[in-house]
Amino acid sequence: MTPALSLTDVVLDYPDGEGTLRALDRVDLDVDAGRILSLAGPSGSGKSSLLAVAAALTRPTSGRVAVGGTDVAELAPRERARLRLERIGIVFQQPNLLGSLTAVEQLQIAAHLRGASPAASRARALELLEVVGLAESSHRRPHQLSGGQRQRVNIARALMGSPQVLLVDEPTAALDHERSAAIVALLARATRDFGLATVMVTHDTEYIPLTDAVATMHGGRLAPAVPAGASASA
Ligand code: ADP
Ligand code: MG
């Protein structure tokens, strides 16, 4: 089976004064559909850089990034933008919701960009708000939602395009323990129910056992993934 997301020998250098800084150093990673991988490692080790490359937002210096077997580098810019829109969902650390829009409208904007009709996008948005436990809050604006609820809207929005790959950067950074565990459990459930290949960056090792596997970065190098249960006792 072709992995839904595959990085092969990926190197990413950033310009740094006279020289370069190697943010990703020969990274290999495969994530299958229906699996959620935790990406751990200290600050500055390259976790967000890995997500940016996997999301086709940043072009690697060398190596291969494939989504659903398609080599991202071989796509024209317009096709790459379409792949991002249709096959990749991204959840950043801060929800970045628009203050004046209701929860259901936050989701509809993304669908509008994909050319969906307002009626179809509204139906889909309400369905996804129910999936994330916000059926009762679809008419609320961001200031009427808790931090955890805003993060749920953020996740529902990322699922609007029916992506195959879901990339999540520290989704629990601003949340307390109970809400953090609930968010990770939600991501794990959505991964299974929608057959996503999910990579979740986390600085909180506590929630890793709620995911399938964990891979750890150090100085741009990624250690091979191990079962998440095994890491808890290691
Ligand atoms: P993490 O998410 O694990 O904290 P990052 O991927 O953000 O790590 O950063 C990895 C390394 O790359 C760090 O040394 C960081 O300072 C550097 N870096 C990240 N983004 C840029 C950029 N846009 N330009 C230059 N250096 C960067
Ligand atoms: Mg980061």
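## Notes on a predicted fold

1. Let's start with a pair you can find in the viewer: Val67 stands opposite Thr70 in strand β5. Strand β4 (residues 62–67) is joined to β5 by two bridges, and these two strands run antiparallel. Strands pair here if DSSP finds at least two bridges between them; the strands themselves (E, at least two residues) and the helices (H or I, at least four) are DSSP runs, numbered from the N terminus.

2. Before going on, a word on what you are looking at: this is a predicted model, in which local features need pLDDT of at least 70 and side-chain atom pairs count only at pLDDT 80 or more, while totals for chains, interfaces and linings use all residues. Residues are numbered from 1 along each chain as its sequence is written, chains are lettered from A and ligands numbered from 1 in the order in which they are written, and side-chain values use heavy atoms, with hydrogens and water left out.

3. Where does the β4 and β5 pair belong? Both are part of an open sheet of four strands, ordered β2-β1-β4-β5, with antiparallel pairing. At the edges sit β2 (19–31) and β5 (70–71), each of which pairs on one side only. Helix α1 (residues 47–54) lies across β1 (5–16), β2 and β4, and runs at about 120° to β1. Contact means heavy atoms within 4.5 Å, and the angle, on a scale from 0 to 180 degrees, is taken between N-to-C directions of lines fitted to C-alpha atoms, for helices over the stretch in contact.

4. Arg26 has a positive phi of about 55°, although it is not a glycine. Arg26 counts as exposed because its relative accessibility is 53% (exposed is over 50%, buried under 20% and partly exposed in between, with a 1.4 Å probe and protein chains only).

5. Now turn to β7 (165–169). Is this strand enclosed or open? Five of its five residues are buried, so β7 is largely enclosed by the rest of the structure. Both faces are covered: Val165, Leu167 and Asp169 are buried on one side, Leu166 and Val168 on the other.

6. Which strands pair with β7? Strand β6 (residues 88–91) is joined to β7 by four bridges, running parallel, and Ile90 stands opposite Leu167 there. Strand β8 (residues 197–201) also pairs with β7 in the parallel sense, over five bridges; Leu166 has Thr198 as its bridge partner in β8.

7. Glu170 has a positive phi of about 40° and is not a glycine. Buried or exposed? Glu170 is buried, because its relative accessible area is 16%.

8. Ala158 belongs to helix α5 (residues 147–159). At 8% relative accessibility, Ala158 is buried. What does Ala158 touch? Leaving out residues up to four places away in sequence, it touches Gly89, Ile90, Val91, Pro163 and Leu166. Its C-alpha atom is separated by 25 Å from that of Leu24, 134 residues apart along the chain.

9. Finally, Leu113, in helix α3 (residues 103–113), is exposed, with a relative accessible area of 61%. Together with Leu85, Leu98 and Ile109, Leu113 makes a nonpolar surface patch of about 340 Å².

How values were computed. Patch = residues over 30% accessible without salt bridge, like charges linked within 9 Å, V, L, I, M, F, W, Y side chains within 5 Å. Areas by Shrake-Rupley, 256 points an atom, 1.4 Å probe, with all protein chains shown as cover. Salt bridge = Lys/Arg side-chain N within 4 Å of Asp/Glu carboxyl O.
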